[in-house]
Amino acid sequence: MLTYSRPQLIGRAISSVCTQSFAEWELIIVQDGSNPETHRLLQEWLSKESRIRYYPRGTVGSIAEASNFGLAQAAGEYIAILDDDDDWILSDKLTRQVDFLDNNPEYVGCGGGYIVIDQNARQRGTFLKPEADQAIRARALLANPMANSTAIFRRVVNGEPAVYDTSMRQFADWDFWLTMGAKGKLYNLPCCLAHYALWEGGSSFKHQKANGRAAIRIVRKHRGRYRGFVLALILAYLYYLYACLPAGVRRFSYSGLSALKKALASSRGAPDKDSEA
């Protein structure tokens, strides 16, 4: 779990880990920068849960850098990701996924569906990612084929530790999963595993231009591994052009367009009626 400066949300995320039926976990929390309130809250959690490990880095880096720092601290066979403003829905989430990877060694990772919520925890849409490996690959260049906060992956693949590309300042998770998919099969459980927070204070809204540039780069980087390069590149350029619009226009349309993009990259699911901007 990476955290930067969202102390009002991280408690919900931690609680969803602590209520897991699978008990053999350790929660590695990596804090970029410094936030006194986050530090205070995490000290309280540390005092009552010995499986939590807290690493305040004190510096502000990219998601890829912070993720690699956290991976270097991990000792488990599997790694599960949970963003600090998301939370897991099912108490047996880890149990289901560990069982799947234990029984399917050709798979390098698995995820599942998610429910989009806003800053007031109101549900805005339900999305299921493509389930089978071939279906995942067919849409992988359109958007991240795995919902990050639902996913679990093998820490070591083919004798090498899984790491993020630190040259990717944005969309590092999408690039990571495309790289993992080149090493083995991927799978998404046909059920919702997490709440995904979508709000204007999130990094996706703040860094849209940089995200657009990263999307173009990622599509070009992985074009030889996945289908649909031309369509994916067109959509990436359209995303960047949208990011160049005035902030007021983007703020008005952000929720609806984001939901539409997620539906495009999903096997099933559509925004709720009241999710339109």
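Is Arg122 buried, partly exposed or exposed? At 45% relative accessibility, Arg122 counts as partly exposed. The legends below describe close-up views of a predicted model.

**View 1. Arg122 and Arg124 both pair with Asp118.** The salt bridge between Arg122 and Asp118 has its closest N and O atoms 2.8 Å apart. Arg124 also meets Asp118 through its side chain, with an N to O distance of 3.2 Å. Asp118 has a relative accessibility of 8% and counts as buried, while Arg122, at 45%, is partly exposed.

**View 2. Arg96 and Asp92 form a salt bridge.** The closest N and O atoms of this pair are 3.1 Å apart. Arg96 is partly exposed, with a relative accessible area of 35%. Asp92 is likewise partly exposed, at 25% relative accessibility. In total, the structure holds 13 salt bridges. As a general point, side chains of opposite charge can pair when their charged atoms come close.

**View 3. Helix H3 packs against strands and a helix through its buried residues.** H3 spans residues 63–73. Its buried residues are Ala64, Ala66, Ser67, Asn68, Gly70 and Leu71. The strands they pack against are E1 (2–3), E2 (27–31), E4 (78–80) and E8 (152–154). The helix they pack against is H6 (172–181).

**View 4. Phe153, Trp177 and Met180 have the most contacts inside the largest nonpolar core.** This core has 40 residues. Two or more residues come from each of E2, H3, H6, helix H8 (208–221) and helix H9 (229–243). H6 gives the largest share, 6 residues. A second, separate core has 16 residues, among them Ile10, Ala13, Trp25 and Leu82.

**View 5. Phe153 is in contact with residues from several parts of the sequence.** Neighbours within four places in sequence are left aside here. Among the residues in contact with Phe153 are Leu71, Glu77, Tyr78, Ile79 and Ile81. Val108, Gly109 and Ala162 also touch Phe153. Phe176, Trp177 and Met180 are in contact with Phe153 as well. Of these, Trp177 and Met180 are named with Phe153 as the residues with the most contacts inside the largest nonpolar core.

**View 6. Helices H6 and H8 pack at an angle of about 10°.** Two packed helices are described by the angle between their axes and the distance between the axes. The axes of H6 and H8 are 10 Å apart. Angles under 35 degrees count as roughly parallel, and H6 and H8 are therefore roughly parallel to each other. On the H6 side, the contact is made by Trp174, Asp175 and Leu178. On the H8 side, Ala215, Ile218, Val219 and Lys221 take part. By class, this contact has 5 nonpolar, no polar and 2 charged residues.

**View 7. Val60 lies in the loop between strand E3 and helix H3.** Strand E3 covers residues 52–56. Val60 is exposed, with a relative accessible area of 58%. Not counting residues up to four places away in sequence, Val60 touches Tyr4, Asp32 and Gly33. Val60 and Ser34 are 26 residues apart in sequence, and their C-alpha atoms are 8.5 Å apart in space.

How values were computed
Residues are numbered from 1 along each chain as its sequence is written. This is a predicted model: local features need pLDDT of at least 70, side-chain atom pairs count only at pLDDT 80 or more; totals for chains, interfaces and linings use all residues. Side-chain values use heavy atoms; hydrogens and water are left out. A salt bridge is a side-chain nitrogen of Lys or Arg within 4 Å of a carboxyl oxygen of Asp or Glu. Buried means under 20% relative accessible area, exposed over 50%, partly exposed in between (1.4 Å probe, protein chains only). Helices (H or I, at least four residues) and strands (E, at least two) are DSSP runs, numbered from the N terminus. Contact means heavy atoms within 4.5 Å. A nonpolar core is a set of buried Ala, Val, Leu, Ile, Met, Phe, Trp, Tyr and Cys residues joined through side-chain atoms within 4.5 Å. Axes are lines fitted to C-alpha atoms, for helices over the stretch in contact, and angles run from 0 to 180 degrees between N-to-C directions. Angles under 35 degrees count as roughly parallel, over 145 as roughly antiparallel, 65 to 115 as roughly perpendicular and the rest as oblique. Ala, Val, Leu, Ile, Met, Phe, Trp, Tyr, Cys and Pro count as nonpolar, Asp, Glu, Lys and Arg as charged, and the others, Gly among them, as polar.
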